[in-house]
Amino acid sequence: MRKLFFALAAFSILISSCSKPQDSKKQENNQNEHLVMATLWFQRASECRALYYQAFNMAKLSLDNQLLTKNDNTKPKAVVVDIDETVLDNSPFETNSIRSGKAFTRAAWKEWTDMAKASATPGSLEFLKYAESKGVETFYISNRDTSALAKTIENLNELGFPFADKRHVLLKTKTSIKTERRNKVLETHEILILAGDNLGDFDEFLEDRSTDFGFSKVDERQAEFGQRFIVLPNPMYGSWEKEVLKSERKLDGFEKENLRKKQLIGYEEL
Ligand SMILES: [Mg+2]
């Protein structure tokens with residue numbers, strides 16, 4: 001009996017001494033592990049490319065229809081687009097995050113945007129050039145920090161995007177909520193289309209997801225998607241993720257991974 005007791009005690013010590021380094025290693029490895037499939041899909045699935053084309057084809061159709069429909073608004077017409085993962089592809093930044101295994105930092109993001117090397121998303125350039133040919137201006141409303149303004153304009157200009165200047169590129173000053181900046185555009189222009197990968201790119205009404213992840217709010221505005229609102233696919237990050245993680249930013253990679261799994265439908269039923 002004593003032998004068995006000592007054997008069990010020794011075994012449990014062995015297990016606990018082995019499990020700690022494994023756990024911490026797991027935590028480190030898990031920091032950006034979830035981004036691998038999302039980034040692969042974004043970069044390597046032709047379906048993603050096709051979805052961008054589909055979205056901008058819908059945008060063109062909607063723009064044509066709206067330009068043909070007479071209304072009383074005599075202001076010049078405009079299209080409002082978000083920048084990141086709407087007209088610029090920053091997925092190489094996600095690749096770097098996966099390689100480094102480190103959590104997102106503003107410094108790392110600034111290092112990437114300062115390079116001004118993001119490529120254009122499929123179909124975005126063609127759509128905005130088409131809008132320009134129809135006399136429609138583009139305003140870029142993005143939550144990039146204002147310190148990134150010059151490099152952002154440089155990046156957009158090098159790719160040939162129209163209206164890439166200080167008057168048309170409106171970056172974040174005080175708040176990430178875009179209503180104020182949209183209202184600024186509305187003072188001088190009529191907005192026909194809004195394109196973005198995040199619901200906050202369309203209307204402040206859609207920002208709050210505290211009830212049912214925002215599904216019912218999207219349902220309420222169903223008819224506007226593909227018409228006034230053009231949505232682009234982004235599985236890598238977004239405000240949707242904050243609701244999944246309940247804004248628990250201080251969690252380590254392992255805890256975040258567990259929280260993500262718990263939000264999967266059916267995960268905890270067995
Ligand atoms: Mg975006």
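## Ground rules

Contact means heavy atoms within 4.5 Å of each other. Helices (H or I, at least four residues) and strands (E, at least two) are DSSP runs, numbered from the N terminus.

This is a predicted model: local features need pLDDT of at least 70, side-chain atom pairs count only at pLDDT 80 or more, and totals for chains, interfaces and linings use all residues. Residues are numbered from 1 along each chain as its sequence is written, and side-chain values use heavy atoms, with hydrogens and water left out.

## Helix H2

Helix H2 spans residues 35-44. Its buried residues are Leu35, Ala38, Thr39 and Phe42. Buried means under 20% relative accessible area, exposed over 50%, and partly exposed in between (1.4 Å probe, protein chains only). Seen down the axis of H2, the buried residues fall within an arc of 90 degrees, so they line one face of the helix. The arc is taken from the directions from the helix axis to the C-beta atoms.

That buried face of H2 packs against H3, S2 and helix H4 (91-100). The face turned away from it carries Met37 and Arg44, both exposed.

## Helix H6

Helix H6 covers residues 124-133, and its buried residues include Ser124, Leu125, Phe127, Leu128 and Ala131. These five cover an arc of only 165 degrees around the axis, which puts them on the same side of H6. On the other side, Glu126 and Ser133 are exposed.

The cover over the buried residues of H6 includes helix H3 (46-68), S1, strand S3 (119-120), strand S4 (137-145) and helix H7 (149-159). Gly135 follows H6 and has a positive phi, near 80 degrees.

## H3 against H6

The axes of H3 and H6 come within 9 Å and cross at roughly 10 degrees. That makes H3 roughly parallel to H6. Axes are lines fitted to C-alpha atoms, for helices over the stretch in contact, with angles from 0 to 180 degrees between N-to-C directions. Angles under 35 degrees count as roughly parallel, over 145 as roughly antiparallel, 65 to 115 as roughly perpendicular and the rest as oblique.

From H3, Phe56, Ala59, Lys60, Leu63 and Asp64 take part in this contact. From H6, Ser124, Phe127, Tyr130 and Ala131 meet them. The residues of the contact divide into six nonpolar, one polar and two charged.

## The magnesium site

The magnesium ion is coordinated by Asp82 (OD), Asp84 (O) and Asp197 (OD), at 2.1 to 2.2 Å. Donors are N, O and S atoms within 2.8 Å of the metal (3.2 Å for Na, K and Ca); water is not among the atoms, so sites may look incomplete. Along the chain, the donors follow the spacing D-x1-D-x112-D.

Asp84 and Asp197 link distant parts of the chain, 113 residues apart. Asp84 sits in the loop between strand S1 (77-81) and strand S2 (88-89). Asp197 sits in the loop between strand S6 (190-196) and helix H9 (215-220). Both Asp84 and Asp197 are buried.

Leu199 lies in the loop between S6 and H9. At 14% relative accessibility, Leu199 counts as buried. Beyond its neighbours within four places in sequence, Leu199 is in contact with Leu206, Arg209, Val218 and Phe225. Leu199 and Val218 are 19 residues apart in sequence and 8.7 Å apart in space, C-alpha to C-alpha.

Glu241 lies in helix H10 (residues 239-244). Glu241 is buried, with a relative accessible area of 15%. Not counting residues up to four places away in sequence, Glu241 touches His34, Met236 and Arg260.

Conventions: Nonpolar A, V, L, I, M, F, W, Y, C, P; charged D, E, K, R; others polar.
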